[in-house]
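Reader: I'd like to learn how to read a model like this one, feature by feature. Could you walk me through it?

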Amino acid sequence: MKKQLVLVAGLAVLAAPAFASKARLAALGEDTDGSFYINDNRNMFLNPSEVLNHKDLVTYEWGTASNADDFSTAGTGASNAEGGLIRASGNMVYGVQFGRKLSYDAGLEEFDGQIGLTDVLNATNALDLFVGGDAGIKWGVQLTYSSQENDEFADGVSTGKAETDVIDLRVGVGQGQWAAYVEYGVQGKTEHDDSEVERKSPYEIGGSWKWDAYTAFAQYGTAKFEGEAAGTEAELEAKALEIGVGRQDKLNDKATLFTKVSYATAEVETKDFSPETEVETKAIPVVIGLEYDAASWLALRASISQNVIINEQE
């Protein structure tokens, strides 16, 4: 039903361009939920004020069914089907997206292995709502909601009722050379029989500054998961920081070179486990990507990445 709703809404803006940019960003070595320095409509998932730069746009992306119940059947490499539209009305811009994979799943999957759950109910049926405007400063708000319930969920050990609910709120602003955003996890909870996992007050902040062909950026995020399974309690806390700079170079009228270098560090700490652990990674990743417009209907993209100078794990 939700795919039919997207199709009907898409007919109203059929003349607007549509392209599968999730694959584009992945091919260029970027996160599929947006880039600080590559112009793409997926950037609205990084900074919601980007909806003003991609208004009157409809997107469809083919892939596997996005309603898999658990991590084992959802797959890690398969691309999920999703779609949505952005529409301008007066001085405001509105958007909706169906089927996006949430970062909540990635954090929960890591915790899943630590606490000893076999599988957990995925945060499927994701709905992203956007609203934005320009009051001298471009602004945008994104509300993400996912609710999934299964009365006969089987995790390989037992069968019973399982439920997952996620609510995220992201606010972004931008003007000329600079942009910034903040995200807060309002709710994140998974329950199945005698197991429960809850995400505690996660947040992420980030910003960028453009200067000629360069874009400097910084991003920091933290999340904590607390859970209980079969009377065993556990806690996992993760932090990540990245500071870097990206650059675009137009080689000719068909080819564009993308270069990014950054310093990235992450820390994952577990408590109430046996044994308790703390893992810290540091790296300087360099990413070089190339996009070539071979024809009006064909674009070729590729990238290579490698950690240089610093590549540590403690």
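Author: Some ground rules to begin with. This is a predicted model, where local features need pLDDT of at least 70 and side-chain atom pairs count only at pLDDT 80 or more, while totals for chains, interfaces and linings use all residues. Residues are numbered from 1 along each chain as its sequence is written, and side-chain values use heavy atoms, with hydrogens and water left out.

Reader: Fine. How many helices and strands does the protein have?

Author: Helices (H or I, at least four residues) and strands (E, at least two) are DSSP runs, numbered from the N terminus. Here there are 4 helices and 13 strands.

Reader: And what share of the residues is buried?

Author: Buried means under 20% relative accessible area, exposed means over 50%, and partly exposed is in between (1.4 Å probe, protein chains only). Of the 314 residues in this protein, 41% are buried.

Reader: Now electrostatics. How many salt bridges does a search of the whole structure find?

Author: The general idea is that side chains of opposite charge can pair when their charged atoms come close. The criterion is a side-chain nitrogen of Lys or Arg within 4 Å of a carboxyl oxygen of Asp or Glu. By that test the whole structure has 21 salt bridges.

Reader: Which residue forms a salt bridge with Glu-82?

Author: Lys-22 does, with the closest N and O atoms 2.8 Å apart. Glu-82 sits in strand β2 (residues 82–89) and Lys-22 in helix α2, so the pair ties together parts 60 residues apart in sequence. Glu-82 counts as buried because its relative accessibility is 7%, and Lys-22 is buried too, at 9%.

Reader: Let's go to the surface. Which residues form the nonpolar patch?

Author: Patches are built from residues with over 30% relative accessible area and no salt bridge, joining like charges within 9 Å and nonpolar side chains (Val, Leu, Ile, Met, Phe, Trp, Tyr) within 5 Å. The nonpolar patch holds Leu-129, Leu-143, Leu-169, Val-171, Val-182, Tyr-184, Val-186, Tyr-203 and Ile-205, with about 710 Å² of accessible area together. Two or more residues each come from β6 (159–175), β7 (178–192) and β8 (195–211). The largest share, 3 residues, is from β7. One member, Leu-143, lies in strand β5 (residues 138–154) and is partly exposed because its relative accessible area is 38%.

Reader: And which residues gather in the patch of negative charge?

Author: For charge, Lys and Arg count as positive and Asp and Glu as negative, while His and the chain ends are not counted. A charge is placed at NZ of Lys, CZ of Arg, CG of Asp or CD of Glu. The negative patch gathers Asp-193, Asp-194, Glu-226, Glu-228, Glu-233, Asp-272 and Glu-276 on the surface. Glu-228 belongs to strand β9 (residues 214–229) and is partly exposed at 34% relative accessibility.

Reader: Last one, backbone angles. Where is Asp-212 in the chain, and what is its phi?

Author: Asp-212 is in the loop between β8 and β9. Its phi is near 55°, a positive value in a residue other than glycine. Asp-212 counts as exposed because its relative accessibility is 69%. Asp-56 also has a positive phi, about 55°, although it is not a glycine. Asp-56 lies in the loop between α2 (21–27) and β1 (57–61), and at 30% relative accessibility it is partly exposed.

Definitions and conventions:
Accessible areas come from the Shrake-Rupley method with a 1.4 Å probe; for residues, only the protein chains shown count as cover.
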